[in-house]
Amino acid sequence: MMRQYELVERVQRYKPDVNEALLNKAYVYAMQKHGHQTRASGDPYFSHPLEVAAILTDMHLDEATIAVALLHDTIEDTSATRSEIDELFGDDIGSLVEGLTKLRKLDLVSKKAAQAENLRKLLLAISQDVRVLLVKLADRLHNMRTLDHVPVHKRLRIAEETMEIYAPLAGRMGMQDMREELEELAFRYINPEAFHTVTERLADLFERNRGVIGEIESSLAGLFEKNAIKATVKSRQKKPWSVFKKMETKALSFEQLSDIFGFRVIVDTVEDCYRALGAIHSTWSMVPGRFKDYISTPKQNDYRSIHTTIVGPSRQRVELQIRTHEMETVAEYGVAAHTLYKDFGSKTKDGGHKISKDTNAYAWLRRTIEALSEGDNPEEFLENTKLELFQDQVFCFTPKGRLIALPRGATPIDFAYAVHTDVGDTCVGAKVNGRIMPLMTELKNGDEVDIIRSKAQVPPAAWESVVVTGKARSAIRRATRNAVRKQYSGLGSRILERAFERAGKPWNKESLKPVLHRLARKDVDDVLAAVGRGELTSQDVVHAVFPDYKDERVTQNPKAREEGWFNLRNAAGMLFQIPGRSSRRKSRQNKETAMAGEGGALPIRGVSGDLPVRFAPEGAVPGDRIVGILQPGSGITIYPIQSPSLTAFDDQPERWIDVRWDIDEHMKERFPARLSVTAINEPGSLAEIAQLIASNDANIHMLSMARTAPDFTEMIFDLEVWDLKHLNRLMSQLKEAPCVSEVRRVNG
Ligand code: MN
């Protein structure tokens, strides 16, 4: 295991003014915290963060990043806390360690290839600081190097994740060495057979071509000497994974691969790159279509080099990369090669390391993180710029680990619709990270969202203004439209049933089929809905089916708009969801007398015509002063006069309709009222409240949890009660219950 002074020396070699105290403190702290913990290999656990730190010293990173590497597993695996690390090392290092702790949680999520891109973006969005990613990649590299010690069943998952997520990420950060090593290590576990075949054949090929390689190398060296260019020539062999990938994607056999061997020419200056290129091209012929100048047009990840392929001295194809030493370092270490951290060394008062947000380096860092999520061709870059990428997106998980990408500002409702339309349509609540949260909650990156569903649910139209995704909006619109239509056709069906009965004619929906053309409707349901909406009168339908029928009452007394009365009564019955069928039947009989001129049996007076009437969601009970609000296209909504919701209609006096209750003693109907009950969290609270409600002769129509806190729960009860007196009696009894802290009427 590397000693403390060895680590410091390694950093000192490339950064003579290293903050030794910081490295020593992090070394000792992490070693003490990990204590006697061991790895799967049996090694002391501390050897792992130490190796991760060592990988980062190879990349010449600053001491703050090295310290973060040493500390990277302490919050997750030991008694260390964020605040302790903040106190000892400053909150800059503290936040980086916490960033790594967050990223580690993502390792537990199951991943599918299709999600890899989203997951990479999530990693970037959560990381915020490129150093967190550098430590994460070094961490993954060391874990891959020691994967042999991990139980067999876990190896494949880790290897696949490395291939899909981390290797491409390293590539995008310009760290080609890291990418290649991760790919080779992962390849070995993902497809061991192919790995061994390709590796053996490459070794075999190398043996057979040893002479040719030497020959090319010396020809190149001679050429540069002749032209007075100071250059180093290195032969390089393709890695098994890239050979295998090429064979697969281009459907080539091993023998058909021409560019298994390549050479790298490293020179001092950019000018020398072009001089070397000139010398090569004027000596050997180049293979058309293989020349690329990444010096004049660098890749997005800052990669610069000249690529060309020539027909070499022994007539074989030779792939060449020409670059300067600096370009070579960038190609190897990518992001890490930039000396951006040199001005981050300044200490804060508490001894921590501060990143000044106005340095160019910081701006560069932000830009890099943004660029990382982009591909390396200009078209893709432009496309991604337009999408503004992950600044505008949040990535959330289903409980099974499926990753859902949503626009920023999305709610659990959007999430539900993104999972499936059915899930959205039946969504009644949501747990975000295990806690029940309001459906309006704005989701954050990495949230796990569990949708609570109920088959009885119809998405409220009001959701339309809450959601941000088009998919959710159109689905809500459709579902609302269907629900409204269903209500109208149900209403229409009742109206027609009564109208046919009164006419003394048999009623059957099927009998509408032959007369659809006469009614100018496309199907039976359309007829029912039209009657429900009042676009078609029941008499028109009766006449269409029985053209000979004469409605005597209409001719005798045109003012008696029977179906108006029936409509209202039935609308009330259906829309109010009032239980007690028998009592309604009784009131129906009363209505026959009402039609005869006595009136008075309707629950609400002051409304007429075919308009359906319903209560506001918060309900209204006899005893409340009430007002009707005309809802164009959907009828009349009854509100208690003190309801705060009414302010929305303040500037539309034409929609206000004077209504009053019309209740008589014999009527036994219940009415809706909504209560908020805040109860102390203790076993049996809910049972006690429900019992109290039941023993007071009230029905619970629906119950939802509005707010939960450790000590109390706010519950919303939709009740059915007889009247205001009944409701008030119930409320005062609830207030007296020991487990109840508050009872109030919602909007009533
Ligand atoms: Mn680790």
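1. Basis of the note. The model is a predicted one, in which local features need pLDDT of at least 70 and side-chain atom pairs count only at pLDDT 80 or more, while totals for chains, interfaces and linings use all residues. Residues are numbered from 1 along each chain as its sequence is written, and side-chain values use heavy atoms, with hydrogens and water left out.

2. Manganese site. His48 (NE2), His72 (NE2), Asp73 (OD) and Asp139 (OD) coordinate the manganese ion at 2.2 to 2.3 Å, and along the chain these donors follow the spacing H-x23-H-D-x65-D. Asp73 belongs to the loop between helix H4 (63-71) and helix H5 (74-77) and Asp139 to helix H9 (residues 130-145), so the pair ties together parts that are 66 residues apart in sequence. Donors here are N, O and S atoms within 2.8 Å of the metal (3.2 Å for Na, K and Ca), and since water is not among the atoms, sites may look incomplete. Helices (H or I, at least four residues) and strands (E, at least two) are DSSP runs, numbered from the N terminus.

3. Leaving aside neighbours within four places in sequence, Val135 is in contact (heavy atoms within 4.5 Å) with Val52, Leu56, Thr65, Val68, Ala69, His72 and Leu100. The C-alpha atoms of Val135 and Val68 are separated by 7.5 Å, although the residues are 67 apart along the chain.

4. Salt bridges within helices. The structure holds 28 salt bridges, each being a side-chain nitrogen of Lys or Arg within 4 Å of a carboxyl oxygen of Asp or Glu. In helix H11 (residues 176-190), Glu183 and Arg179 lie four residues apart and meet at 3.3 Å, N to O; Glu183 is buried at 8%, whereas Arg179 is partly exposed at 22%.

5. A salt bridge between loops. Asp268 and Lys230 pair through their side chains at 3.5 Å, N to O. Asp268 lies in the loop between strand E2 (261-267) and helix H14 (270-283) and Lys230 in the loop between H12 and strand E1 (231-237), so the pair ties together parts that are 38 residues apart in sequence.

Definitions and conventions: Buried < 20%, exposed > 50% of the residue type's maximum accessible area, 1.4 Å probe, protein only.
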